[in-house]
Amino acid sequence: MYTQGLLTPSPKSPAAVEDAELLARFQARIDREEKIEPKDWMPDQYRQTLVRQISQHAHSEIVGMLPEGNWIGRAPTLLRKSILIAKVQDEGGHGAYLYSAAETLGVSRAELIDQLLSGRAKYSSIFNYPTPTWADIGAIGWLVDGAAIMNQIPLCRCSYGPYARAMVRVCKEESFHQRQGYDIMLQLARGTPAQRQMAQDAFNRWWWPSLMMFGPSDGASQHTALSVRWKIKRFTNDELRQKFVDFTVPQAHFLGLTVPDPLLHLDESTGHYRFGDIDWSEFQAVLAGNGPCNRERLAARRAAHEDGRWVREAALAYADKLTSRTRSVA
């Protein structure tokens, strides 16, 4: 079935037969758990799917620096400031790793960044929500990075080698981010009544957007089935979302927080927590650019890109100068 969507020539043409054979060999490699490397043959749709997923992941890491970056100067202690600086720095590094992985697929970093700045590229909808209190920084670390880990650990076994290898380091650092966020929430939950309420309010704000992070339900997802078949993804969106809920609800109970879902309950027959319906209209609105901070986030990225123009130009000029010297010596 999957070849029908990929082959453009007539099934009777030699090119179609050759493609079918290549696709069969490609799928066999995937089924044997072999890694696909940049110079290996791959279906164009496999390449396009990876470019879309990796670039969106990279954009999300870069834009994800913004909600937390503006809290560095307002973090309550010097220790919290230094931890937050390290976390934001990690996220910038993750973006760099992922842009590099995408470049192995024949797309330039400049092109990907231009797509982000022009608004043509997508990034995780979660980063278009505001962070009005310090507790929101804790909720981001606990919930958002927790959801990211749930999604990204299977990517360490992605069929595309450069992406899988990049994710090994990313996941190690994300685990630190999740613990940092949970520690903030733990301290607030053990604090004054006002601090406990701050933690609860932040939890209320971030719970549902965190569930949306895994993407649309499997029935509405355009890419999940093929991505799972090609082992770009190892689990569907709904499977990952359920894993996240089952893992996170007991943590919330330990913190003494109330999950903002009156329909949440433990299904004794399956051992899974059942939860209420997600407001997919909100998800689609934020994805379409109509979230609380969409315009603010893109404006900040565009300003940062323009402010850094002189650095890029200086680096290129220096590289050209070194190249000229090398040629003159030769």
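This is a predicted model: local features need pLDDT of at least 70, side-chain atom pairs count only at pLDDT 80 or more; totals for chains, interfaces and linings use all residues.

Tutor: Leaving aside neighbours within four places in sequence, Ser125 is in contact with Phe283, Val286 and Leu287, where contact means heavy atoms within 4.5 Å. Ser125 itself is found in the loop between helix 5 (109–117) and helix 6 (134–152); helices (H or I, at least four residues) and strands (E, at least two) are DSSP runs, numbered from the N terminus. At 6% relative accessibility, Ser125 counts as buried, a term that stands for under 20% relative accessible area, with exposed over 50% and partly exposed in between (1.4 Å probe, protein chains only).

Residues are numbered from 1 along each chain as its sequence is written, and side-chain values use heavy atoms, with hydrogens and water left out.

Apart from neighbours within four places in sequence, Lys87 is in contact with Glu68, Ile140, Gly141, Asp145, Phe176, His177 and Gln180.

The largest nonpolar core has 75 residues, of which Tyr46, Leu50, Ile54, Trp142, Tyr160, Tyr163 and Trp207 touch the most other members. Such a core is a set of buried Ala, Val, Leu, Ile, Met, Phe, Trp, Tyr and Cys residues joined through side-chain atoms within 4.5 Å. Helix 7 (residues 161–189) supplies the largest share of this core, 11 residues. Beyond its neighbours within four places in sequence, Leu50 is in contact with Ser55, Leu105, Cys158, Tyr160, Tyr163 and Ile232.

For the chain as a whole, the secondary structure comes to 13 helices and two strands. The radius of gyration is 22 Å, close to the 20 Å that the globule rule gives for 330 residues, so the chain is as compact as a globular protein of that length; the radius is taken over C-alpha atoms, and the rule is 2.2 Å times the number of residues to the power 0.38. Buried residues make up 46% of the 330. Among contacts with a separation of 6 or more, 76% are between residues 24 or more positions apart.
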